[in-house]
Amino acid sequence: MRQALSPQRTWWALAALTIAAVILLGLMVSLAVSIGEITIPLATTAKAVSNRLFGTAFELSRIHQGIIWDYRLSRALVAASAGASLALCGAILQALLRNPLAEPYVLGISAGASTGAVCIMISGFGYGILGLSSGAFIGAVAAFLLVGVLAAGAGGTSERIILCGVAGSQLFNALTSYIVTTSANAEQARGVLFWLLGSLSGVRWPDVYLSVPIAVIGFILCLAHVRALDAFAFGTDAAAALGVPVRRVQFTLLAVTAAMTASVVSMVGSIGFVGLVIPHAARFLVGPAHGRLLPATALGGALFMVGADIISRIIIPQQILPIGVVTALFGAPAFAIILYRVRRSA
């Protein structure tokens with residue numbers, strides 16, 4: 001009898017965990033909107049959102065209305081969607097490569113996207129976020145192809161793929177530094193270097209209209225391949241024996257990963273460790289099955305990024321830290337712990 005009830009209890013526990021995570025995300029977004037140089041009560045935040053969404057007529061200061069709707073809410077929503085996208089990318093790459101250290105930052109995809117976006121920013125080619133996204137996507141694809149070629153020549157093992165990713169990341173970071181140093185004026189160089197550390201300061205509602213749909217579409221596409229991702233845990237040969245179209249699934253998911261990474265980098269810069277830490281935390285909570293892992297990873301990534309954004313605005317009075325600095329402060333120790341665990345289990 002206990003065994004018969006066990007799966008039902010498990011699903012109830014997962015449903016309760018999901019509901020709690022969604023409620024917590026709503027609270028975190030509300031806090032992100034309320035906290036800043038000007039502290040705004042949560043009730044005022046709710047009234048401002050109600051005025052814009054439902055046409056209510058609560059009396060509010062125009063300053064508060066502008067800060068809440070035009071600046072902080074859009075910033076929080078971009079942070080949540082960017083965190084979900086990066087965390088999903090990490091989970092997908094770890095499954096495809098069967099390596100717990102795989103993520104866009106470590107594999108050089110973020111560095112390649114940064115190089116492509118910086119080329120657009122410095123040259124001025126293209127207009128607005130569309131131009132940056134296109135450049136970032138081209139850079140992300142170029143970085144992944146380079147890492148793939150290097151890894152194939154080095155033997156193609158997962159460990160060597162990670163090493164090739166580190167080499168590719170350094171190469172594209174060097175290219176970015178060269179472009180900024182030789183082609184940008186002083187004002188452009190300052191803006192680019194701050195943006196490369198990860199910054200949500202410039203995001204507005206047009207960025208929300210791009211980042212949220214990309215995160216949702218990417219999440220749906222990843223969910224459509226949960227059975228294939230579970231099969232990849234046994235290797236590509238075993239997945240093929242189970243009827244998985246290996247090459248098609250790999251191409252589709254790698255394209256989704258490149259697109260999500262490029263969209264995030266084009267808006268907020270290169271942010272590391274989200275795709276590495278969050279999937280491992282989600283596996284610890286819900287297990288390795290991707291039907292549960294992917295939703296938990298997306299929610300965890302959104303929570304982590306919104307929390308990092310809040311910390312970046314309050315850790316130093318009257319100053320906003322780049323969000324990439326905050327994620328690195330938490331992610332680097334976690335990276336060391338994961339490395340130690342991988343070495344122990346080897």
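**Loop residues, salt bridges and helix packing**

Gln 318 sits in the loop between α13 (290–314) and α14 (323–345). The model is predicted. Most residues other than glycine have a negative phi.

The relative accessibility of Phe 273 is 16%. The cut-off for a buried residue is under 20%, so Phe 273 counts as buried.

Side chains of opposite charge can pair when their charged atoms come close. Two salt bridges are found in a search of the whole structure. In one of them, the side chain of Asp 309 meets that of Arg 75, with an N to O distance of 2.8 Å. Asp 309 belongs to helix α13 and Arg 75 to helix α3, so this pair ties together parts that lie 234 residues apart in sequence. Both partners, Asp 309 and Arg 75, are buried.

Asp 309 also meets Arg 313 in a salt bridge, at 3.3 Å from N to O. Arg 313 and Asp 309 are four residues apart in helix α13, and therefore about one helical turn separates them. Arg 313 is buried, with a relative accessible area of 11%. Asp 309 is buried as well, at 0% relative accessibility. Through shared partners, the salt bridges join Arg 75, Asp 309 and Arg 313 into one network.

Two packed helices are described by the angle between their axes and the distance between the axes. Helix α3 (residues 62–97) carries Arg 75 and packs with helix α11 (residues 246–268). The two axes come within 9 Å and cross at roughly 150 degrees. Angles over 145 degrees count as roughly antiparallel, and α3 and α11 are therefore roughly antiparallel to each other. The crossing of α3 past α11 is left-handed. On the α3 side, the contact is made by Val 78, Ala 82, Ser 85, Leu 86, Leu 88, Cys 89, Ile 92, Leu 93 and Leu 96. Helix α11 contributes Gln 250, Leu 253, Leu 254, Thr 257, Met 260, Thr 261, Val 264 and Val 268. By class, this contact of α3 with α11 has 13 nonpolar and four polar residues. No charged residue takes part in it.

Helix α4 (residues 109–123) packs with helix α7 (residues 186–196). Their axes are 11 Å apart, and the angle is about 155 degrees. The two helices, α4 and α7, are therefore roughly antiparallel to each other. Their crossing is right-handed, whereas α3 passes α11 in a left-handed crossing. Ser 114, Ala 117, Val 118, Met 121 and Ile 122 of α4 make the contact with Gln 188, Val 192, Trp 195 and Leu 196 of α7. Seven residues of the α4 contact with α7 are nonpolar and two are polar. None is charged.

How values were computed
Residues numbered from 1 in each chain as written. Predicted model: local features only at pLDDT ≥ 70, side-chain atom pairs only at ≥ 80, totals over all residues. Heavy atoms only, no water. Axes fitted to C-alpha atoms, helices over the stretch in contact; angles between N-to-C directions. Parallel < 35°, antiparallel > 145°, perpendicular 65-115°, else oblique. Left-handed = near helix turned anticlockwise from the far one by under 90°. Contact = heavy atoms within 4.5 Å. Nonpolar A, V, L, I, M, F, W, Y, C, P; charged D, E, K, R; others polar. Buried < 20%, exposed > 50% of the residue type's maximum accessible area, 1.4 Å probe, protein only. Salt bridge = Lys/Arg side-chain N within 4 Å of Asp/Glu carboxyl O.
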